[in-house]
Amino acid sequence: MLQRLWRGNRFGTFRGGLFLPEEKRRTRDRAIESLPAPAVLRVPLVSHDGLAVEACVEPGRAVSRGERIGRGDHALKVSVHSPVDGVVRSITTCDTPEAFDVPCVEIDVRGPGEAHAAAAAEPNSLDDLAARVAQAGIVAQGSIAMGGGIAVASRLRDAATRRCEHLIINAMESDPCITSEGRLLVERGDGVMAGAARLARLLAVRHVWLAVDRAKRSLVADLTARAAGGPVRVAPLVNKYPQGDPALLVQVLLRREIPYRGVDLDVSALVLDVGTLVAIESAARSGEPLTHRLATVSGDAVERPGNYRIPLGMSFRDVLAHVKPTPTLARVIAGSPLTGVAVPHLDAVVTKRTTAILLLSRASLRDLRTAAAPEACTRCGWCVDDCPVGLDPSAIHAAAERWFLARAERLYADVCIGCGLCSYVCPSSLPLTESILAVQRSLRTAAERETAHE
Amino acid sequence: MTDTFAMPGHESVPPVRRDAGEPRLLRAGPPPHWHGAGTVRSASWTWVAAALVVAAFGIVTWGRTAVGMIAISVATAVLTEAVLNGVLPRRIWAGSGSSGQAVLTGLLVALTLPPHVCLADWRVPVVAALLASGVGRALAGGYGNYLWHPVALARVGVELLFGAAFASQPGADAPFSVVGGLAALARDATPFEQPGRSVLTVLIRDYMPPWGQTLLPTVAAPEAWLGPLGGYAVGLVVAALLLVWRGHVRRSCVVWTMAAAMLTAMVLPIYEGGEPLWFPGFVIDAGLPVGFVYVLYHLTGGELLFVVVLLAGDSVSSPLTSRGQRWFGAGLGVLTIMLRRYGLVGSAGFWALLAMNTLVPLINWRMKRHIYGTRDASARGRRWLGRGRVPTA
């Protein structure tokens, strides 16, 4: 307590976690640029967790920018819109970083098209806003491990039916290398504040928190000045990885824990990241759909790193053609170094869940598992000490190896937030995160089967 | 010009186009794509470096005897490990040769043995290293699985097997031996009783060597023998700093062990004329804080510091969590002093460590970290689909 007061850190931090090398220097001061669309886009018709969305266009049809091409008809499925003006060439399949053979709409690009600029009437209720967000096909913009990719409209509808006291805007950006949301705050800080105020009014929340890395002093000062007189309170937090996880934000800011298998609304809080808030604001003001993905392109194997708005469905090959990889490129990662997915080949396309594109050389890969086989667990306890949610990853891994699902469930494997720290620190190079996430998937499938059976 | 390639591990993916000059990507592995600096190999060699610091003090003090004993012990441990790796169906330790675990085992075994035992019977270090590598580790299931620290087990084992050699140790039974002298206070303080003086004053003033010699041995003579491991305190402190800095030993374990040992030594009674004198750590006689010096002897003499720094911090045989390490350390400190004072065993620290190793599963079970979101037990029954706390709908 004294230490916190002495350092002016009134919020404190959570147990576990690590201060990782940030590696944000190359991109944090680069303004957001738009990448030009290539000749052909393959826009994936896929929503959260790989659920396919039904195409609502047919080959040969001309589409304009922002026109709906995939119809979402379920809480987890969001609509998909064309990022360009063009002609539908075919309904086919493509690969994404997360899945293979995903249905997609192949579009011959005729031009970038006009951004949707029609002013819309102010949304008068949360349901109205949720409907606009659903129409715009907005998903959470954070990294997958931090709840990214989830349909935002369904969350807003949930919030409308339940008591919500706190709105937390997540601008922590605790993942290494990623700077796009920080840039969004710098360039569209007023929009963020306005969006937060509008959402707070519709949600009728008591408190609005804007969680920012306290090390970014100038940004904190700037945001505090912009927030003066408004409902938003800037909360500078210690940026220990993975502070950006919604559960840990709730813990640190509100001194509450989201109950086991619960959601943030169970503790009367709604956590949204900055990118999502900006997308909601655009949808609310002008009905602009989500057609581009804001992503940081970084790493040591890229000549033109930066923060880019990338049209959905653009292949990694086309992205690389613009950002110029160096000859040392060894791996392309969609996402952060700890939670991102290695891109299997360059014909894979950018989706709504691609938070960053990292181009790493073998020297910077720091992935010892490419060279060394996992060794026996030495029970060093580093994974236990560093786990931000207090799990025993080595025990869950041991249970998973023998496929003792019941035991893994008793060890609360499904509490894991997938931050990847256990695998990061493991001196034996054990695939701890991988095992736990596999257990989670199995438990989920079993629960779904059970529900279907009932 | 184009060619095709498929990513290893993704054979189900149809071959895709690769333009001329385009880099060939590495195997698409799972996250994380970064890894912390710590590896088993680096950890092993850090431990070896820490042990070598202590060994250097031993070599300076005991010369060729120490060098010979270390060489025999290390060679035996490495050979044992190599043979067992070849014979056993499953390798007891993946990459043991390179990771330095065999070297470390041999080195630690040598450091636990008094040099004079080796002179009395050359088989002692050989058998000790065999016990540590073969029995303590291989038969216990290999690295990562043993319950008792192999080196402590070997040390206790050879003491039982070669009692005569250990008894030949000069100074082992002498009243000025730190461990022997302090332990004597629990049983029979008659040799130190003088009219008008506390036994502590007499013991420290007339029988014990200066306390400074428990920190850094200055005389390599049998008369300066301070017990099996006395005299390496400075080396052990340096080793402890190195291991704590590198994160291989938790400072909570070291601090709690020493604090518990200090408190126990301060509180446990000594006997003066058959009457118990409680709180000997606070005794001040003729203006001298003899009680405090008595406690310092306990902390720096004997095997306590060695056990705390180089054995108790072993990750395999100690608790997983920092909270567990505190209780483990506290138990180790209390037990060591109690065994010194009231036990019948020679190497109190090693026995105390083995006893605490036995309790590690219990400590691990009781000292689990709080798991996020599980404070409210009534919430467990809810059958939400999805991945826990992060909303899916």
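Visitor: How many aromatic pairs does a search of the whole structure find over all chains?

Guide: Keep in mind that this is a predicted model. A pair of aromatic rings is described by the distance of the centres and the angle of the planes. Here the search over all chains finds three aromatic pairs. One of them joins Phe11(A) and Trp209(A), with 5.9 Å from centre to centre and 85° between the planes, and is edge-to-face.

Visitor: Where in the chain do Phe11(A) and Trp209(A) lie?

Guide: Phe11(A) is in the loop between helix H1 and strand E1 of chain A, whereas Trp209(A) is in strand E10, so that the pair links parts of the chain 198 residues apart. Both Phe11(A) and Trp209(A) are buried.

Visitor: Why is the pair of Tyr260(A) and Tyr412(A) edge-to-face?

Guide: The planes of these two rings stand at 80°, with the centres 4.9 Å apart, so the pair is edge-to-face, because planes over 60 degrees apart count as such. Tyr260(A) and Tyr412(A) are both buried, and they tie together parts that are 152 residues apart in sequence.

Visitor: How many disulfides are found over all chains?

Guide: A disulfide is a covalent bond between the sulfur atoms of two cysteines. The search finds zero disulfides in the whole structure. For Cys380(A), the closest cysteine sulfur, in Cys383(A), is 6.0 Å away, which is too far for a bond.

Visitor: Is Cys380(A) buried or exposed?

Guide: Cys380(A) counts as buried because its relative accessibility is 17%, and buried means under 20%.

Key. Residues are numbered from 1 along each chain as its sequence is written. Chains are lettered from A and ligands numbered from 1 in the order in which they are written. This is a predicted model: local features need pLDDT of at least 70, side-chain atom pairs count only at pLDDT 80 or more; totals for chains, interfaces and linings use all residues. Side-chain values use heavy atoms; hydrogens and water are left out. A disulfide is a pair of cysteine sulfur atoms within 2.5 Å. Buried means under 20% relative accessible area, exposed over 50%, partly exposed in between (1.4 Å probe, protein chains only). Rings of Phe, Tyr and Trp (its six-membered ring) pair if their centres lie within 6.5 Å; planes under 30 degrees apart count as stacked, over 60 as edge-to-face and the rest as tilted. Helices (H or I, at least four residues) and strands (E, at least two) are DSSP runs, numbered from the N terminus.
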